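Please read it alongside the sequence and the structure shown here.

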Amino acid sequence: MNPCAVPTEIKDTDADNRWMSIHNRFLSECREKDPDVIFIGDCIFETLQHTETWNLYFAPLHCLNFSIYQDQTQHVLWRLQNGELDNVKPKIVVLLVGTNNVHNTAEEVAEGILEIVKTIRDKLADSYIVLPTLLPRGHQPNICRDRNNSVNHLIAEKCAGMKRVQTVCIDKGLIQTDGTISHHDMFDYLNLTTASTKKVFEPLFDLLSQILHENEPEKDLTPSE
């Protein structure tokens with residue numbers, strides 16, 4: 001059985017129950033707020049919401065961010081199957097997870113992502129699902145970077161033709177001509193710097209804006225009597 005596609009709760013090894021506390025906060029936000037867009041993912045999205053890029057571009061789109069830094073596909077799957085998409089009807093769900101599945105194959109990670117997509121679709125039949133590409137990682141070329149690239153190709157192939165499911169490339173410009181990633185773009189060679197978030201997530205913002213605009217109800221311009 002593929003562990004990436006089996007809903008799994010994170011064990012509380014630190015004895016402070018932080019992961020479950022965050023999950024419970026997300027459940028409360030589902031009951032209290034009415035988002036147009038929900039971001040779901042791991043450290044990449046979690047750090048994004050603490051940047052000026054989030055405040056300027058994504059917060060005005062009425063977004064919630066349900067991301068936890070160490071999550072793998074199976075952890076996101078557990079969260080979604082335990083209430084995080086209940087009581088909400090977002091127009092778009094943005095999913096970015098898989099880079100932390102470092103001990104799994106590209107095929108296993110892709111299957112886990114597709115299982116999450118299926119769960120989202122089962123809960124939200126009419127929402128768009130947007131899948132940004134996994135980002136490259138590591139200062140030098142490495143097997144994790146290769147795996148993420150393979151996952152991106154698999155997801156693009158499997159999702160082609162799926163109704164209301166779109167992939168978007170956000171990984172261009174991070175790998176330099178010599179194959180390295182600069183600490184000016186990824187401070188720890190995994191998470192983005194504040195300066196790089198705008199250029200990386202601009203294609204995502206453009207796609208979200210396009211989807212939201214295209215699905216706005218047409219205004220009735222008929223003169224009133």
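## Backbone, sheet and core

R164 lies in the loop between α6 (143-159) and β5 (165-168). In this predicted model, R164 has a phi near 60°, a positive value in a residue other than glycine. Most residues other than glycine have a negative phi. A second case is N17, which is not a glycine either and has a positive phi of about 60°; N17 belongs to the segment before α1 (18-32). The table sets the two residues side by side.

| Residue | Phi | Relative accessibility | Class |
|---|---|---|---|
| N17 | about 60° | 38% | partly exposed |
| R164 | near 60° | 31% | partly exposed |

Because buried means under 20% relative accessible area and exposed over 50%, N17 at 38% counts as partly exposed, and R164 at 31% likewise falls in the partly exposed class.

The chain as a whole contains seven helices and five strands, which follow one another along the sequence as α-β-α-α-β-α-β-α-β-α-β-α. Among the strands, β3 (residues 92-96) is mostly covered, with five of its five residues buried. I92, V94 and L96 point one way from β3, whereas V93 and L95 point the other way, and all of these residues are buried.

Which strands flank β3? Strand β1 (residues 37-41) is joined to β3 by five bridges and runs parallel to it, with G41 standing opposite L96. Strand β4 (residues 128-132) is joined to β3 by three bridges, also in parallel, and here V94 stands opposite V130. Together with helix α5 (residues 106-123), β3 and β4 make a right-handed β-α-β unit.

The largest nonpolar core has 66 residues, of which F39, F58, F201, L204 and L208 touch the most other members. Leaving aside neighbours within four places in sequence, the contacts of F39 include F58, L204 and L208, as well as V94, W54 and F66.

At the level of the whole chain, 51% of the 225 residues count as buried, and residues 24 or more positions apart account for 80% of the contacts with a separation of 6 or more. The radius of gyration is 18 Å, which agrees with the value near 17 Å that a compact globule of 225 residues would have. The C-alpha atoms fill a box of roughly 70 × 40 × 35 Å along the principal axes. The accessible surface comes to about 11700 Å², of which 50% belongs to carbon and sulfur atoms.

Key. Residues numbered from 1 in each chain as written. Predicted model: local features only at pLDDT ≥ 70, side-chain atom pairs only at ≥ 80, totals over all residues. Heavy atoms only, no water. Core = buried A, V, L, I, M, F, W, Y, C linked by side-chain atoms within 4.5 Å. Buried < 20%, exposed > 50% of the residue type's maximum accessible area, 1.4 Å probe, protein only. Contact = heavy atoms within 4.5 Å. Helix = DSSP H or I, 4+ residues; strand = E, 2+ residues; numbered from the N terminus. Pairing = 2+ DSSP bridges. Right-handed = clockwise from strand over helix to strand, strands pointing away. Rg over C-alpha atoms; globule rule 2.2 N^0.38 Å. Areas by Shrake-Rupley, 256 points an atom, 1.4 Å probe, with all protein chains shown as cover.
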